[in-house]
Amino acid sequence: MVIGLFTGLLLHGIRVAGLSKNKFASAASIGITGIFTTHVLINIGMSMGILPVIGIPLPFLSYGGSALIANMAMVGLLMNFYANRKEH
């Protein structure tokens, strides 16, 4: 279920980038989605033992206040880009 929710978040980030008329919003959405993708894949790979342990937290689930605040800010930016997707 957690992997499904992360997949939905990543697909929504790609959708926001495609729908946005603003080039900055589109590029930032791709960057935010890339950060989430990297964190999820590396953390799941570390948990399965196929990647070395480097200390990247799983977004919204791993312990750490500063990572949680940064992840929430990035999701807030994605939500703002989606709300203003039709502006130039």
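**From values to words**

Q: What makes up the largest nonpolar core?
A: Ten residues form this core in the predicted model. They are Leu9, Leu10, Val16, Ala25, Ala28, Ile32, Phe36, Met74, Leu78 and Phe81. A nonpolar core needs buried residues of nonpolar kinds, joined through side-chain atoms within 4.5 Å.

Q: How many helices and strands does the protein have?
A: It has three helices and zero strands. Read from the N terminus, the order is α-α-α.

Q: What share of the residues counts as buried?
A: Of the 88 residues of the protein, 27% are in that class. The cut-off is a relative accessible area under 20%.

Q: How do you know how far helix 1 reaches against the expected span?
A: Compare two values. Helix 1 has 18 residues and covers 26 Å from its first C-alpha to its last. The expected span at 1.5 Å a residue is 26 Å, so the helix comes close to expectation.

Q: Which residues of helix 1 are buried, and why can we say where they sit on the helix?
A: Phe6, Leu9, Leu10, Gly13, Val16 and Ala17 are buried. Seen down the axis of helix 1, these buried residues fall within an arc of 120°, so they line one face. The face turned away from the buried side carries the exposed residues Leu11 and Gly18.

Q: How far is Gly18 from His39?
A: Their C-alpha atoms are separated by 22 Å. Along the chain, Gly18 and His39 are 21 residues apart.

Q: What are the values for the span of helix 3?
A: Helix 3 has 19 residues. From first C-alpha to last it reaches 27 Å, close to the expected 27 Å.

Q: Which residues of helix 3 are buried, and how do you know where they lie around the axis?
A: The buried residues are Asn71, Met74, Leu78 and Phe81. They cover an arc of only 80° around the axis, so they are on the same side of helix 3. The face turned away from that side carries the exposed residues Ser66, Ile69, Met72, Met79 and Ala83.

Q: What makes the nonpolar surface patch?
A: Val2, Phe60, Leu61, Leu68 and Met72 make it, with an area of about 440 Å². Members of a patch need over 30% relative accessible area. Leu68, in helix 3, has 33%. Phe60 has 34%.

Q: What makes the phi of Phe60 worth a look?
A: Phe60 is in the loop between helix 2 and helix 3. Its phi is positive, about 70°, although Phe60 is not a glycine. Most residues other than glycine have a negative phi.

Definitions and conventions. Residues are numbered from 1 along each chain as its sequence is written. Side-chain values use heavy atoms; hydrogens and water are left out. Buried means under 20% relative accessible area, exposed over 50%, partly exposed in between (1.4 Å probe, protein chains only). Patches are made of residues with over 30% relative accessible area and no salt bridge: like charges are joined within 9 Å, nonpolar side chains (Val, Leu, Ile, Met, Phe, Trp, Tyr) within 5 Å. Accessible areas come from the Shrake-Rupley method with a 1.4 Å probe; for residues, only the protein chains shown count as cover. A salt bridge is a side-chain nitrogen of Lys or Arg within 4 Å of a carboxyl oxygen of Asp or Glu. Helices (H or I, at least four residues) and strands (E, at least two) are DSSP runs, numbered from the N terminus. The arc is that of the directions from the helix axis to the C-beta atoms.
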